[in-house]
Amino acid sequence: MMKKDTERARVSSGVRWMRVAILLAVLFAAKASAVAGAIGITSPDHPQTFTYGEMIWHQLFLEGGGRGLLARIIFSNLPYADSDEPRRDEPFDFRFPGVRFDPGKRAFFAHGCYGELIQVARFHSDPSFGWIDLAPGAKIYLVKNSGRVTATLTATDFPRGGIRWIQMDNNFSLQNLLVALFRESHERSDN
């Protein structure tokens, strides 16, 4: 009888601590989301490319007219190219509406939910000759659904670790599962 009461007390104590931990996590997440700004901008461009191809190159550009941000991405059939299916590369441009270039700060900004400016990219060197990279809190997600690509730019006003350009296929192939597993372990090792 004494053993059952001891086990019941341990379980009850564990449940109580679990409730406290969940409450603290919820409060912390609510505070972090209230303090931190975050945005997500999906490109209106949705080109069709190789279903099982991969991204082999990417670069950010100042959009025509010098105001917005453009991502140029090259997809290739490289993973399955051979003598029967020669290698082909396809370049596509993705625009991100609402992102604006500030020449004085040499950076690209977008408005968050509460009107705050969130940096999404920045120029290195001179804007007429230099390169643009993502800000420390920004990432670009490329989701392919049967070869149709959707690009989404996400950014926060605090730095995030891990891979900045993330390609995902909307299927459950072994390759996609391994990539997701590797990406998760890689991001944990960065933190």
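# Thr-156 and beyond: a chat about the model

Colleague: Which backbone oxygen does the side chain of Thr-156 reach?

Modeller: The backbone oxygen of Phe-158, at 2.7 Å. Bear in mind that this is a predicted model.

Colleague: Okay. Where is the place of Thr-156?

Modeller: Thr-156 is in strand β10, which covers residues 148-156.

Colleague: Is Thr-156 buried or exposed?

Modeller: Buried. Its relative accessible area is 10%, and buried means under 20%.

Colleague: And what is Thr-156 in contact with, leaving aside neighbours within four places in sequence?

Modeller: Gly-37, Ala-38, Ile-118 and Gly-137.

Colleague: Let's zoom out. How many helices and strands does the chain have?

Modeller: There are 2 helices and 11 strands.

Colleague: What share of the chain is buried?

Modeller: Buried residues make up 30% of the 191 residues. The accessible surface of the chain is about 12200 Å². Carbon and sulfur atoms account for 60% of that surface.

Colleague: What about contacts across the sequence?

Modeller: Take the contacts between residues at least 6 apart in sequence. Of these, 54% join residues at least 24 apart.

Colleague: Back to β10. In what order do the strands of its open sheet come?

Modeller: The order is β1-β10-β9-β11. That makes 4 strands, with mixed pairing.

Colleague: Which ones are the edge strands?

Modeller: β1 and β11, where β11 is residues 165-169. Each pairs on one side only. On average, neighbouring strands of this sheet are turned by 20 degrees against each other, direction ignored.

Colleague: Is β11 mostly covered or mostly open?

Modeller: Mostly covered. In β11, 4 of the 5 residues are buried.

Colleague: How many bridges join β9 to β11?

Modeller: There are 5, and the two strands run parallel. β9 covers residues 138-145. Tyr-141 stands opposite Ile-166 in β11. Leu-142 stands opposite Gln-167 in β11.

Colleague: Stay on Tyr-141. What does it touch, not counting residues up to four places away in sequence?

Modeller: Tyr-141 touches Thr-150, Ala-151, Thr-152, Thr-154, Ile-166 and Met-168. With a relative accessible area of 24%, Tyr-141 is partly exposed.

Colleague: How many residues apart in sequence are Tyr-141 and Thr-42?

Modeller: They are 99 residues apart in sequence. In space, their C-alpha atoms are 9.3 Å apart.

Colleague: New topic: β5 and β6. Which way do they run?

Modeller: Antiparallel, joined by 3 bridges. β5 is residues 100-102. Arg-100 stands opposite Phe-109 in β6. The hairpin has 4 residues between the strands, and Arg-106 in it takes a positive phi near 50 degrees.

Colleague: Why is β6 called largely enclosed?

Modeller: Because 4 of its 5 residues, 107-111, are buried.

Colleague: Now salt bridges. How many does the count come to?

Modeller: 5 salt bridges. One of them joins Asp-45 and Arg-95, with the closest N and O atoms 2.7 Å apart. Asp-45 is in the loop between β1 and β2, while Arg-95 is in strand β4, residues 89-95. The two are 50 residues apart.

Colleague: Is Asp-45 buried or exposed?

Modeller: Buried, at 17% relative accessible area. Arg-95 is partly exposed, at 36%.

Colleague: What does Arg-72 form a salt bridge with?

Modeller: With Asp-93, the closest N and O atoms being 2.6 Å apart. Arg-72 lies in β3 and Asp-93 in β4, so this pair ties together parts 21 residues apart in sequence. Arg-72 is partly exposed at 27% relative accessibility, and Asp-93 is partly exposed at 32%.

Colleague: Last one: where does Thr-49 lie?

Modeller: In the loop between β1 (38-42) and β2 (54-62). Thr-49 counts as buried, at 8% relative accessibility. Its side chain makes a polar contact of 2.7 Å with the side chain of Glu-90. Beyond residues up to four places away in sequence, Thr-49 touches several others, including Phe-75, Phe-92 and Lys-144.

Conventions. Residues are numbered from 1 along each chain as its sequence is written. This is a predicted model: local features need pLDDT of at least 70, side-chain atom pairs count only at pLDDT 80 or more; totals for chains, interfaces and linings use all residues. Side-chain values use heavy atoms; hydrogens and water are left out. Buried means under 20% relative accessible area, exposed over 50%, partly exposed in between (1.4 Å probe, protein chains only). A polar contact is a pair of N or O atoms within 3.5 Å; within protein, one must be able to donate a hydrogen and the other to accept it, and residues adjacent in sequence count only if both atoms are side-chain atoms. Contact means heavy atoms within 4.5 Å. Two strands pair if DSSP finds at least two bridges between them. Axes are lines fitted to C-alpha atoms, for helices over the stretch in contact, and angles run from 0 to 180 degrees between N-to-C directions. Accessible areas come from the Shrake-Rupley method with a 1.4 Å probe; for residues, only the protein chains shown count as cover. A salt bridge is a side-chain nitrogen of Lys or Arg within 4 Å of a carboxyl oxygen of Asp or Glu.
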